[in-house]
Amino acid sequence: MKITPLPELTQILKQLRLSGILDSLDTRNREAIEKKLTYPEFLALVIQDEAGRREQKKYGTRLRRAGFRGDKTLEGFDFDFNPGINQPLIKDLAQCRFIEEKVAVLIAGPCGTGKSHIAQALGHCAVRLGYDVMFTSQSSLLSQINAARATGAIERKMQTLIRVPLIIIDDFGLKPLKPGQDEDFHDLIAERYERAATIITSNLDFTEWGEAFPNKLLGASTLDRLGHAAYRLVLDGKSYRRPLDWRCPATISPARPQPNNQTAAGNGTALAVPASSNCWYCPLKPFEPSADTC
């Protein structure tokens, strides 16, 4: 039988911002009757439910604010695809001790080897453990800082960035830093040094990171702080992205349309293709009925 809470109880719970208790009150009441729970045991159950709801809500908020690109988790990463990946180190980093140590995690490797996935997966682990996380690319981060400067809010923006327990900066060095950008990047890293953790991914080898800075002295100072006590992870091997076959489909397809009155596959519609028209697959090249390729 479904119980109806007293009207005054509902109002009091709303005033105390405990209205979530109403969602499980009926279930817990039946459980208390069936198991003959004491009043303190019943109260403990409903309070635990409310605590769980609040934590789930906080988790959803942290996850939304992190700005991850999709659901990139360690559970969804295929370690078997590239057996050479340092799986023990990644699983150790997933414990997020590096956040408490306030050091950097530097991830390098060729395109498609899972750098962004691993970085975001570590971010997911941090969110689950209750840390606030920010995921961004180098370009987006610097654009945000520049926009804040233009509106006179640079100090507030920098303080916000400094306070985030974990910032993940994706694609470092993909675009060389411009004069002024290297100063902003240096200032952020310098302020976060030994205060908060940072994860950075890059297609560049670690030895090439300095080349991204127009001011080499500033770059050396920035990388010196980043590299101090940092965890370094190199992801090498095959690309997880399926390679694109750039060949014209006409060269690999068993069925190629003829220049005149070819029937479209599957619907029986006659398609008239004049001999002077462009290639069926490659619209920039003339169609040659006698040729085997575009």
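This is a predicted model: local features need pLDDT of at least 70, side-chain atom pairs count only at pLDDT 80 or more; totals for chains, interfaces and linings use all residues.
Local features here need pLDDT of at least 70, side-chain atom pairs count only at pLDDT 80 or more, and totals for chains, interfaces and linings use all residues. Residues are numbered from 1 along each chain as its sequence is written, and side-chain values use heavy atoms, with hydrogens and water left out.

**View 1. Helix 3 and its buried residues (residues 39–66).** Helices are DSSP runs of H or I with at least four residues, strands are E runs of at least two, and both are numbered from the N terminus. The 28 residues of helix 3 reach 41 Å from first C-alpha to last, close to the 40 Å expected at 1.5 Å a residue (1.5 Å times one less than the number of residues). Buried here (under 20% relative accessible area, 1.4 Å probe, protein chains only) are Leu45, Val46, Asp49, Glu50, Arg62 and Ala66. These buried residues pack against helix 2 (21–35), helix 6 (115–128) and strand 2 (133–137), with contact meaning heavy atoms within 4.5 Å. Just after helix 3, look for glycine 67, with a positive phi of about 75°.

**View 2. Helix 7 (residues 138–150) meets helix 8 (residues 154–163).** Their axes come within 7 Å and cross at roughly 145°; axes are lines fitted to C-alpha atoms over the stretch in contact, and angles run from 0 to 180 degrees between N-to-C directions. Helix 7 brings Leu141, Gln144, Ile145, Ala148 and Arg149 to the contact, and helix 8 brings Ile154, Lys157, Met158 and Leu161.

**View 3. Residues around the largest cavity.** Asp92, Leu93, Cys96, Arg97, Phe98 and Tyr231 form the lining (an atom within 4 Å of a point on a 1 Å grid over the protein atoms alone, where a 1.4 Å probe fits but cannot get out). Helix 4 (87–93) and helix 5 (97–101) each give two or more residues to this lining.

Note on methods:
On a 1 Å grid over the protein atoms alone, a cavity is a set of points where a 1.4 Å probe fits but cannot get out, and a pocket is an open set with protein on both sides within 12 Å along at least five of seven lines; lining residues have an atom within 4 Å of a point. Buried means under 20% relative accessible area, exposed over 50%, partly exposed in between (1.4 Å probe, protein chains only).
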